[in-house]
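Here is a friendly walk through a protein model. Keep the picture in view as you read, and follow along one part at a time.

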Amino acid sequence: MELFAQVFQQKGFSEIKVNVSNISVFISNKADKDYIFVLFHMPNGTEWNKEQCVHVEEQLFEKLQTSRQRELQLITFLCTNHVDFVRDIYRQNDHTAVIDLENNRLLIFEGMTQDDLDIYHEIEKVLQSREQSTSFGENPTNDAAYPTQTKTLISKKEQIKNGLLKVGYANSIIIGLNILVFVILNVTNTYDAVVDAGKLYWMAISENHEYYRIFTCMFLHGGVSHLLNNMLILSCIGGILEKRIGWLRYSIVYLLSGIVAGSVSLIVNMDEAYVGSIGASGAIFGVVGAVLWIVLINKGRVENLSKKQMLLFVIFSLYGGFSNQGVDNAAHIGGLIGGFLLAILIYRKPKKRGVVS
């Protein structure tokens with residue numbers, strides 16, 4: 001670890017002192033951004049878990065952003081002798097590399113965030129030195145005589161799996177169901193009949209007691225653009241929420257938010273007894289509301305989302321609904337509030353392990 005520290009110091013990095021054991025933090029000021037490198041010392045692979053690593057990263061962002069107005073670029077290294085034990089940490093993000101101390105190699109994702117400071121190459125040289133010292137009992141004199149040890153951490157086959165991890169397994173299933181329903185209804189020419197049987201409107205509930213419509217309306221859409229807009233937002237926001245609360249609670253938030261949205265829509269629109277409502281936007285606003293709460297409780301930042309970004313997203317989304325005709329704004333607001341309140345009930349911040357100072 002001292003050798004790695006020397007690499008950063010030689011590159012002009014400043015070390016940030018933290019009162020947490022087994023962490024080294026270095027920062028470099030560039031003309032366009034600040035680079036932050038965090039090294040987690042994990043020889044056994046079990047010293048840190050994913051939630052603790054995320055907590056440390058978020059604290060660093062929070063503290064450094066208060067004193068800097070420029071873009072921050074975070075890159076994390078997990079230094080371990082047991083790569084398999086840290087898979088849960090590195091598989092779900094694109095800014096974490098693994099320094100495999102057992103085999104003296106640097107493992108990175110394809111498409112992982114790259115720095116322009118040549119740090120990866122310098123770390124490789126340190127690992128090559130360790131490898132050669134172990135093999136020959138002396139330090140190497142010619143770096144070029146030994147091939148690079150850098151390898152891609154995941155295969156092409158695993159990239160699809162990691163894509164699902166980023167979007168979320170439950171979220172991917174929900175997106176897939178929405179698309180599948182839309183395709184089947186249009187291919188079989190049953191769209192009009194099914195939408196009529198599944199849309200949500202007051203008379204169907206109050207007179208015919210067809211309560212299933214509160215559920216079925218969430219999986220019906222009025223056209224390709226309606227479907228794609230909803231699924232695009234869900235793919236971006238839903239994965240963040242699922243990663244934070246798990247697939248089961250995510251599914252509960254999504255479905256209950258949709259039910260709350262439908263119920264609010266019924267109450268507000270009961271005077272228009274035969275006006276139907278369809279679409280996943282009520283449930284999606286619930287997901288947005290839940291993420292908003294998590295951002296707020298985590299002092300204004302989760303992943304790459306800030307409090308300001310989330311608030312602006314909510315405002316513009318609601319404005320877009322009110323500025324267009326035929327939009328069920330009652331469902332949007334009901335879903336947003338429902339998801340926000342559900343997140344308050346079920347979300348708990350990860351336990352802290354020390355405080356970054």
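A residue is called buried when its relative accessible area is under 20%, exposed when it is over 50%, and partly exposed in between, using a 1.4 Å probe and counting protein chains only. With that in hand, C217 counts as buried because its relative accessibility is 6%, while C236, with a relative accessible area of 47%, is partly exposed. A disulfide is a covalent bond between the sulfur atoms of two cysteines. Here the test for one is a pair of cysteine sulfur atoms within 2.5 Å, and the structure holds zero disulfides.

Before going further, a word on where this comes from: the model is predicted, local features need pLDDT of at least 70, side-chain atom pairs count only at pLDDT 80 or more, and totals for chains, interfaces and linings use all residues. Residues are numbered from 1 along each chain as its sequence is written, and side-chain values use heavy atoms, with hydrogens and water left out.

Now step back to the whole chain. Helices (DSSP runs of H or I, at least four residues) and strands (runs of E, at least two) are numbered from the N terminus. The protein chain has 14 helices and nine strands. Of its 357 residues, 48% count as buried. Its accessible surface, computed by the Shrake-Rupley method with a 1.4 Å probe and with only the protein chains shown counting as cover for residues, comes to about 18000 Å², and 58% of that belongs to carbon and sulfur atoms. A contact means heavy atoms within 4.5 Å. Among the contacts in the protein chain with a separation of 6 or more, 66% are between residues 24 or more positions apart.

An α-helix has 3.6 residues a turn, so residues three or four places apart point the same way. After α1 comes G12, with a positive phi near 85 degrees.

What does V7 touch, leaving out residues up to four places away in sequence? Its partners are I119, E122 and V126. V7 and V126 are 119 residues apart in sequence, and their C-alpha atoms are 8.4 Å apart in space. V7 is buried, with a relative accessible area of 5%.

Next come two loops. Most residues other than glycine have a negative phi, and most peptide bonds are trans. In the loop between β1 (14–16) and β2 (23–29) you will find N22, whose phi is positive, near 70 degrees. N22 is partly exposed, at 31% relative accessibility. In the loop between α6 and α7 sits N189, with a positive phi near 60 degrees. N189 is exposed, with a relative accessible area of 69%.

The interior is our next stop. A nonpolar core is a set of buried Ala, Val, Leu, Ile, Met, Phe, Trp, Tyr and Cys residues joined through side-chain atoms within 4.5 Å. The largest such core has 44 residues, of which L234, L241, Y250, Y254, V287 and V291 touch the most other members. At least two residues of this core come from each of α6 (169–187), α7 (191–198), α10 (224–245), α11 (247–268), α12, α13 (307–322) and α14. Its largest share, ten residues, comes from α12. Apart from this core lies another, of 23 residues, including V38, F40, L60 and V83.

Leaving aside neighbours within four places in sequence, Y254 is in contact with I174, N178, L234, A280, A283, I284 and V287.

As for α12 itself, 14 of its 17 residues are buried. Its expected span is 1.5 Å times one less than its number of residues. For the 17 residues of α12 (residues 281–297) this gives 24 Å, which agrees with the 24 Å between its end C-alpha atoms.

The tour ends at helix α14 (residues 329–346), where N329 is found. N329 is buried, with a relative accessible area of 14%. Not counting residues up to four places away in sequence, N329 touches L318, G321 and F322.
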